[in-house]
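Welcome! Let's take a walk through a protein model together, one piece at a time.

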Amino acid sequence: MPTFDGDFSPPPGRFAIIAARFNSMITEALLSGCRDAFARHGVADDRLDVAWVPGSFEIPLVARKMAETGRYAAVITLGCVIRGETGHYDHVAGQAAGGVLQAGLATGVPVIFGVLTTETVEQALNRSGLKAGNKGVDAALAAIEMVNLLRRIEG
Ligand code: INI
């Protein structure tokens with residue numbers, strides 16, 4: 001029985017990255033980590049298209065539109081929702097997550113959820129390049145793994 005597995009070898013194709021301007025100090029750090037991880041895995045910057053949206057709530061629509069073009073091997077979404085900073089945290093974070101999932105399921109293109117959802121600014125800082133890694137890096141790696149996995153499954 002075959003086992004399908006995605007690896008981190010340089011994937012073919014172009015990648016779309018959608019980044020939210022809200023909490024831009026954090027999301028710019030996520031984008032920087034994401035670009036860096038792609039470069040380290042053989043995906044040069046000229047294969048990355050970046051779209052900026054106002055906030056994480058707007059990510060799903062643009063993710064779906066970009067996936068539907070058929071131009072991208074995967075779409076990466078980057079945002080930052082901080083509970084301490086907003087009364088509608090649950091709506092923004094929940095709708096962003098659900099919408100990103102839907103964009104992937106509806107198009108068959110891997111759409112990666114690189115939206116930080118944290119309780120505090122400190123946690124967001126830690127997960128965007130300080131003490132706890134960088135979620136933008138993780139998102140790029142997940143995209144590469146998914147592209148390589150789907151190529152194997154689809155033969
Ligand atoms: N958008 C975020 O990306 N992060 C947040 O923490 C946030 N807060 O705090 O509200 C946020 N709000 C904006 C939202 O994403 C939309 O842009 C806005 O509601 C317009 O639709």
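What follows is a short tour of the sheet, the helices and a few single residues.

## How to read the model

This is a predicted model, in which local features need pLDDT of at least 70, side-chain atom pairs count only at pLDDT 80 or more, and totals for chains, interfaces and linings use all residues. Residues are numbered from 1 along each chain as its sequence is written, and side-chain values use heavy atoms, with hydrogens and water left out.

Helices (H or I, at least four residues) and strands (E, at least two) are DSSP runs, numbered from the N terminus.

Four of them form an open sheet in the order 2-1-3-4, with parallel pairing; two strands pair if DSSP finds at least two bridges between them. Strand 2 (48-53) and strand 4 (111-118) stand at the edges with a single partner strand each, so one side of each has no neighbour in the sheet. From one strand to the next, the twist averages 15°.

Now look at strand 3 (residues 72-82), which pairs with strand 4 in the parallel sense over eight bridges. Within this pairing, Ile76 stands opposite Ile112 in strand 4.

## Helices on the sheet

Helix 1 (residues 24-40) lies across strand 1 (14-20), strand 2, strand 3 and strand 4, and runs at about 150° to strand 3. Helix 5 (residues 135-154) also packs on the sheet, where it touches strand 1, strand 3 and strand 4, and its direction makes about 155° with that of strand 4. Here contact means heavy atoms within 4.5 Å. Axes are lines fitted to C-alpha atoms, for helices over the stretch in contact, and angles run from 0 to 180 degrees between N-to-C directions.

How far apart are the end C-alpha atoms of helix 3 (residues 89-107)? They are 27 Å apart, which agrees with the 27 Å that its 19 residues should span at 1.5 Å a residue; the expected span is 1.5 Å times one less than the number of residues.

In helix 3, Tyr89, Val92, Ala93, Ala96, Gly99, Val100, Ala103 and Gly104 are buried (under 20% relative accessible area, with exposed over 50% and partly exposed in between, using a 1.4 Å probe and protein chains only).

## An aromatic pair

A search of the whole structure finds one aromatic pair. Phe15 and Phe38 form this tilted pair, at 4.8 Å centre to centre and 45° between the planes. Rings of Phe, Tyr and Trp (its six-membered ring) pair if their centres lie within 6.5 Å; planes under 30 degrees apart count as stacked, over 60 as edge-to-face and the rest as tilted.

The pair links distant parts of the chain, with Phe15 in strand 1 and Phe38 in helix 1, 23 residues apart. Phe15 is buried at a relative accessible area of 0%, and Phe38 is buried at 0% too.

## Two asparagines

Most residues other than glycine have a negative phi. Asn23 has a positive phi of about 55° although it is not a glycine. Asn23 lies in the loop between strand 1 and helix 1 and is partly exposed, with a relative accessible area of 23%.

Leaving aside residues up to four places away in sequence, Asn126 touches Lys131, Ala132 and Gly133.
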